[in-house]
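Please work through each task before reading its solution.

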Amino acid sequence: MAREYPIDRYRNIGIIAHIDAGKTTVTERILFYTGISHKIGETHSGESIMDWMDQEKERGITITSAATTCFWVPSGLEKKKENEYRINIIDTPGHIDFTAEVQRSMRVLDAAVVVFDGVAGVEPQSETVWRQADKYHVPRICFVNKIDRTGASFEDSLASIREKLTPDVVPMQLPVGEEENFKGVVDLIKRKFIVFEGSFGEVLKEEDVPEEMREKVEQWRSEMIEKVVTEDEDLFERYMQGEEISEDEIKGVLRKAVLGYRVVPLFCGTALKNKGVQPVLDAVCQYFPSPTDLPPVEGVDPKTEQPAQRKLTDEEPFSALAFKLANDAYVGSLTFLRVYSGKLSSGSYILNANTGEKERISRVLRMHADQREELQEVYAGDIVAAVGLKGTSTGHTLSDTNCPIVLEEISFPEPVVSIRVEPKTREDQEKMGLALRRLAEEDPTFRVEGDIDTGETIISGMGELHLDIIVDRMKREFKVAAQVGQPQVAYKETIRRMADEEGKYIKQSGGRGQYGHVKMKIEPLVDGGDKRLDFIDEIKGAVIPQEYIPAVEKGIEEVMDEGVLAGYPIVNIKATLYDGSFHEVDSSKMAFKIAGSIGFKEAYRKADPVLLEPFMKVEVIIPPEYLGDVMGDISSRRGEVDCTEETKGKRAQKIIRAKVPLSEMFGYVTTLRSLTKGRGNYSMEFDSYKEVPYNIAQEIIEGKRS
């Protein structure tokens, strides 16, 4: 079976934004205009195609990143198949509790459309997703949405993007009118006023620029061209000599600048009122990279541990990254893949390069939210879902069995909130175990643990909403009846100074005994990155045989998992094993593992142990008259206010940026509504772990505070 579309007409894109900026509405319009859907589904009425989960329909938010494929012929070209571009879209959540969905999607995208609310401009999660796009070197275009809303301002939104995100954003359009007077947009390259007519804005009509806007359009167009032509010496020289630069030349240079992350084109409109979406689709085709525009994907050959590469072509050996697992009611477990190189037929065997196990692909599906289309073969650049993979997890690389490669894995933040869940009946207990295992496979930021002391199950996630959705899915999808406890903070433990201690485990009980003896020092691990334990082996002269050293490390790790001070995981430790002794007959791995755990506990108690708590980066947006009350409340929650700002525009709002302990933020939404008569809102994301004050730490240790 031959490839249906040339790879240079593939576009793998994401729609990313802060919650409520309208990105799912933008995606719904894209599906309508590209002919994938024949009616427009609205998020606020629970009819959105991309938000297909029950919880998404009810809450009007996106929870899982949904994948879909559509096709578009750019304006000005004849509507026939050879002019079509294939666009694979991932619509991602905006709520910070589902940041893992954004992060794993960003890892496999080639480009992103960043949507902004025309009233609010850059919001907290806009900054978060922008940083994630920077991390993965994702080219972007911006779309200022909701330009028809009361208080919307294109110029204020542009200023906030330049101030908070990048000075390289360049407007490609100007709105004609704003708020209720928004009529359409002026294309600055063509110097044409675009009006969106028809029942759903599907008919684009080009008119002359309104007389009152001509001077402004020429000024903005000159600024745009000056920015673009600096990317090409020849064009810059011609422009400086007063020569007119053609539309095609502007677009050609602009594309190179977008691919090089040096320019971010800016568009505007209102997706809800069906104005401005088609020019964004044109821009996706004109300025975004195809897989062939990207550098080879980097990885490691698992056989040699040497760096390896794959060019993004069909001729290279097969390689793909599993970026998401999902359970489908009809076909079972789905593994979403981004194919980087080569081709794959359904029914063939491939290698999981991370585990070394072979996997059989029983079926390959092209997904359209919760709809599916079966494929016989997939190629480089495709984003598809595979059925039949047993041992593949998020971040694993699938590759040709004869030519393996391990691509860079996706890293996820640690969960910060926990709750206890308890099944109501014995039957529910079995179903709950299966449900939680399935949900944990899908979501790398969701953890499940058992409390040995109480026999209860503890689930951990990124926030209250995250765990609320997990429990709701467990009840609905897996029919589990469960009782749920109150949210609790995921505290951690560490030390403040160095301590030196020995651990001995000697046991004689007739016959062969047990003997393990170690001497170690522990100290705080500075700049260890994500490493919890840096274990250093300084044993010389075989005072402890080499075969027992890993057992000592294992003993330390087990204590670190369980905690010493208050039963929370221990982090940021450098442990150095420097001496000890062994017995020719009685020593064993088990004896040295126990000796390691004893020595670590003794040293830990002397090393000034402390509790750590997660601090959240909080942004509160309120009317100015409530500033004093809200800041006072934040201070009463042990919060540290970093700064206050004022939004631009007709209805200026106050923004408070602060860092607050997570333990003090439970139920904050109710307090904020009360303080601001329902007019304030906030967002928060994890910032860092900090020491818990001594008096509060004592309450936690004694069980008086959760």
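**Exercise 1.** Determine which strands pair with β25 and in which sense.

*Solution.* Step 1: β25 and strand β27 (residues 457–461) run antiparallel and are joined by 5 bridges. Strands here are DSSP runs (E, at least two residues), numbered from the N terminus, and two strands pair if DSSP finds at least two bridges between them. The model is predicted: local features need pLDDT of at least 70, side-chain atom pairs count only at pLDDT 80 or more, and totals for chains, interfaces and linings use all residues. Residues are numbered from 1 along each chain as its sequence is written, and side-chain values use heavy atoms, leaving out hydrogens and water.

Step 1: Valine 417 lies opposite glycine 461 in β27 and opposite valine 489 in β29.

Step 2: Strand β29 (residues 488–489) is antiparallel to β25, with 2 bridges. Strand β28 (residues 482–484) also pairs with β25 in the antiparallel sense, over 3 bridges; there, glutamine 483 is the bridge partner of glutamate 422.

**Exercise 2.** Explain why β25 is largely enclosed by the rest of the structure.

*Solution.* Of the 7 residues of β25 (residues 417–423), 5 are buried, so the rest of the structure largely encloses this strand. Buried means under 20% relative accessible area (1.4 Å probe, protein chains only).

Conventions: Buried < 20%, exposed > 50% of the residue type's maximum accessible area, 1.4 Å probe, protein only. Helix = DSSP H or I, 4+ residues; strand = E, 2+ residues; numbered from the N terminus.
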